[in-house]
Amino acid sequence: MEAVGAAAAAAYALHLFTDVFEPAVEGRLDPARYTPLTLVEREALTADTARLRFRVGRPRRPGAAEQAADAVVAQGAWAVDVKDHLVQTFRTYTPVGWEPGGPGGPGCIDLVVKRYAGGSVSRFLHGTRVGDQVEVRGPILTWPYAAGRYRRLFMVAGGTGAAPMVQLAERILGDPADTATRISLLYGAQTPADLVFRGRLDALAARHAGRLDVAYVAERGAPAGQPLVQAGRPDAASVGALVRGFDAATDAVLVCGPEPMMAAVCGVRPVGVGRGQGPLRGALRDLGVEPASVFKF
Ligand SMILES: Cc1cc2nc3c(=O)[nH]c(=O)nc-3n(C[C@H](O)[C@H](O)[C@H](O)COP(=O)(O)OP(=O)(O)OC[C@H]3O[C@@H](n4cnc5c(N)ncnc54)[C@H](O)[C@@H]3O)c2cc1C
């Protein structure tokens, strides 16, 4: 009898302090390798842009992969690589929702993805259905950020290029250790309906009055006299108005968007790992902003 009791106690201790009796954790985020994540929800935001929610498993006690992932997320803006396993190529996407999940409970990441007609991975992602699995690797640090590091952040974004700005703004404004950083965002899209993060940004700005201001511009369809979305695109005039008061000692400028916008605002970032930021060109150079103060996602 004593032996049975001892065995039960040992099993209970094993259960408490190890994962021996727990089901395998599916779909963990791992910066070092691709793991399959399951699509659990999808929402069409426009004709060519969708929000895709993937489940992220988490063991009861975080293992090495979770510790590595948490360490990356803590360091600043982050992204994930998504693999199109049909053609074995990958592209980078920026989660705009990150619920790491409780002990043992599932979390999730949301990707907002624009489909390009001739694109590889964006078309693959748009073809996925709830229940499908997609190979994801990350988090990957894209821009290091520490609470209170900057007085002001000026952001220029086009289309789904607003994703890293939304991720950063939500992080900074939600951080009790980061009480003074102010964010000014110029957010452009083809039409007002393509400003897919507008509701989220307006809610954030309302919750944090005086710390986030957003100027919206649309190339077409902005109703005349409508003050909330101006007709136009991020260009020399609108970027000049955005960065008024810029101070290289305390501020930074972040830019993310399609190639023509990057060319006009700051010059395109060279493609490929380790290719750096490329020279500063376009409106920001003409305005005299220091290259070291500008980051191109
Ligand atoms: C840090 C980072 C974060 C990002 N975050 C997001 C995000 O959150 N959401 C998002 O939607 N995107 C994001 N992107 C962009 C994303 O990584 C992809 O570049 C985008 O989805 C296009 O990939 P694709 O494989 O579908 O298209 P690709 O195959 O790379 O093609 C891109 C475009 O080039 C055209 N093209 C392809 N081949 C040719 C050719 N031979 N000749 C001429 N044109 C061609 C295509 O028609 C298409 O218009 C991010 C990029 C980076 C670097």
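**Exercise 1. Locate Gln88 and describe its phi angle.**

Gln88 sits in the loop that runs between strand E3 (76-84) and E4. Strands here are DSSP runs of E with at least two residues, helices are runs of H or I with at least four, and both are numbered from the N terminus. The phi of Gln88 is near 55°, a positive value in a residue other than glycine. Most residues other than glycine have a negative phi.

The model is predicted, so local features need pLDDT of at least 70 and side-chain atom pairs pLDDT 80 or more, while totals for chains, interfaces and linings use all residues. Residues are numbered from 1 along each chain as its sequence is written, and side-chain values use heavy atoms, with hydrogens and water left out.

**Exercise 2. Find the peptide bond between Gly138 and Pro139 and state whether it is cis or trans.**

Step one: Pro139 is found in strand E7 (residues 133-144). Step two: omega is about 5°, and the bond joining Gly138 and Pro139 is cis. Most peptide bonds are trans.

**Exercise 3. List polar contacts of the ligand (N or O atoms within 3.5 Å).**

A polar backbone atom of Gly118 is 3.3 Å from a ligand oxygen, and one of Ser120 is 3.1 Å from a ligand oxygen. Then take the side chain of Ser122, where an N or O atom is 2.5 Å from an oxygen of the ligand.

**Exercise 4. Describe how helices H4 and H5 are arranged.**

First, the axes, lines fitted to C-alpha atoms over the stretch in contact, of H4 (residues 163-173) and H5 (residues 198-207) come within 11 Å and cross at roughly 20°. Angles run from 0 to 180 degrees between N-to-C directions. Therefore H4 is roughly parallel to H5, a term for angles under 35 degrees. Last, the crossing is left-handed: the near helix is turned anticlockwise from the far one by less than a right angle.

Terms used. A polar contact is a pair of N or O atoms within 3.5 Å; within protein, one must be able to donate a hydrogen and the other to accept it, and residues adjacent in sequence count only if both atoms are side-chain atoms. Angles under 35 degrees count as roughly parallel, over 145 as roughly antiparallel, 65 to 115 as roughly perpendicular and the rest as oblique.
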